[in-house]
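Dear colleague,

Please find the sequence and structure below. My notes on what was found follow directly after.

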Protein chains: 2
Amino acid sequence: MSQQNTPPDGAAEPRRRRRRDPEGNRDLILQAARAAFAERGYTRATVRDIAERAGVTHGLVMRQFGSKEQLFLAAVPGTRDVDRVVDGDPQTLPERVAAAYVDRMEHSFRTDPLVAVLRSAASNEHTAVGLYRAMLDRTAGSYKQVITGEDADVRVDLLAAVLIGVTFCRYIVGVGPVARMSPQHLQAHLTRLVRSALFD
Amino acid sequence: MSQQNTPPDGAAEPRRRRRRDPEGNRDLILQAARAAFAERGYTRATVRDIAERAGVTHGLVMRQFGSKEQLFLAAVPGTRDVDRVVDGDPQTLPERVAAAYVDRMEHSFRTDPLVAVLRSAASNEHTAVGLYRAMLDRTAGSYKQVITGEDADVRVDLLAAVLIGVTFCRYIVGVGPVARMSPQHLQAHLTRLVRSALFD
């Protein structure tokens with residue numbers, strides 16, 4: 001190798017490091033994206049801001065994800081997470097849904113893409129409404145493997161409504177009794193509401 | 001009376017008409033306010049825009065209501081509406097709550113202040129969060145005359161969460177099965193969820 005192909009330490013170093021660790025960059029970008037979307041909502045968060053938080057270039061984010069929308073969808077918890085919750089005895093599905101929701105939100109509501117998209121969709125931002133629907137459809141597909149009957153669609157969407165209402169009260173507005181109660185109490189109340197939405 | 005005290009038709013006419021009908025103006029302003037708040041959210045709606053929609057001056061709105069916040073609270077359905085729903089057999093309270101909600105929202109969700117304040121509160125606008133809490137506290141006071149027990153606060157707030165979630169899905173985002181179902185179906189499903197929130 002000639003001297004030309006071995007850049008000196010300094011300016012070129014960050015670039016080489018990024019190239020050597022694309023998976024590490026991907027995780028950094030997704031973390032930064034979750035934080036930016038949750039803080040600013042979908043519409044107001046920018047790819048430039050996300051790149052800056054992740055310490056990479058705008059161009060790298062666009063090469064890895066293609067668009068802000070694709071980046072958002074990559075940052076949303078996947079269908080695999082939902083499938084893991086749905087899988088099991090349908091009788092105890094409400095317990096599993098409530099436990100998974102509380103566990104996820106108590107740990108990461110500040111960076112949860114659901115919160116981000118609710119904030120944006122509430123302001124009637126058209127792209128956010130589309131993303132919101134894309135998220136729900138993906139989730140609904142998993143539930144409909146176990147929720148059957150002619151009103152299955154409605155029941156799965158009512159489950160979404162219950163979770164959205166609780167998310168709004170506890171994690172978005174964050175004032176009042178639902179926001180103040182312990183995670184354990186929340187889980188117990190939510191189990192009952194989820195059962196009512198899906199089965200009663 | 002001298003000629004001076006009888007202004008000619010024309011420029012001064014609208015002013016005289018307004019002075020003669022303060023109650024009519026009040027209703028016009030409240031209607032305009034509901035429409036403006038619902039369309040633009042609490043924060044983005046302006047008193048100037050509301051005055052223009054109502055065909056009155058900015059000064060008249062401020063003289064009658066004092067501030068945008070006071071105007072908003074005057075535009076919100078009053079505690080009398082809630083008291084009328086709460087009054088009666090507690091066993092059938094869920095039916096009455098669901099029927100009153102569906103009736104109110106199906107007829108006027110485009111100008112409902114709940115929709116306005118949810119939109120604004122979702123964007124984390126501090127004034128809107130305060131108004132949202134003021135609205136809920138006012139409502140909660142009525143419910144707590146009939147919902148008792150140590151977790152009454154939580155149950156009334158869970159009812160709010162359920163109604164907010166359905167409002168979000170059906171009237172704010174307006175896509176999906178909960179948005180598409182008939183008012184009768186909505187009322188039946190909602191009765192069940194309200195019962196679960198308040199009593200089960």
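In chain B, helix 5 (residues 68-75) and helix 9 (residues 126-143) cross at roughly 35 degrees, and their axes come within 11 Å. Helices here are DSSP runs of H or I with at least four residues, numbered from the N terminus; axes are lines fitted to C-alpha atoms over the stretch in contact, and angles run from 0 to 180 degrees between N-to-C directions. The crossing of helix 5 of chain B and helix 9 of chain B is right-handed, that is, the near helix is turned clockwise from the far one by less than a right angle. Helix 5 of chain B contributes Glu69(B), Phe72(B) and Leu73(B) to the contact, and helix 9 of chain B contributes Thr127(B), Leu131(B), Met135(B) and Arg138(B), where contact means heavy atoms within 4.5 Å. These residues divide into 4 nonpolar, 1 polar and 2 charged (Ala, Val, Leu, Ile, Met, Phe, Trp, Tyr, Cys and Pro count as nonpolar, Asp, Glu, Lys and Arg as charged, and the others, Gly among them, as polar).

The model is predicted: local features need pLDDT of at least 70 and side-chain atom pairs count only at pLDDT 80 or more, whereas totals for chains, interfaces and linings use all residues. Residues are numbered from 1 along each chain as its sequence is written, chains are lettered from A and ligands numbered from 1 in the order in which they are written, and side-chain values use heavy atoms, with hydrogens and water left out.

As to the relation between the chains, a rotation of 180 degrees with 0.0 Å of shift along its axis superposes chain B on chain A, with an RMSD of 0.0 Å (least squares on the C-alpha atoms of residues with pLDDT of at least 70 in both copies). The two copies are thus related as by a two-fold rotation axis. Gly165(B) is the residue of chain B that comes closest to this axis, its C-alpha lying at 1.9 Å.

The interface takes 36 residues from chain B and 36 residues from chain A. Because 100% of the interface residues of chain B are also interface residues in chain A, the copies meet through the same surface. About 3300 Å² is buried between the chains, with 69% given by carbon and sulfur atoms; buried area is the accessible area (1.4 Å probe) that two parts lose on being put together, summed over both.

Finally, Asp49(A) lies in helix 3 (residues 47-54) of chain A. Leaving aside neighbours within four places in sequence, Asp49(A) is in contact with Ala36(A) and Arg40(A).

With kind regards

Notes. Helices (H or I, at least four residues) and strands (E, at least two) are DSSP runs, numbered from the N terminus.
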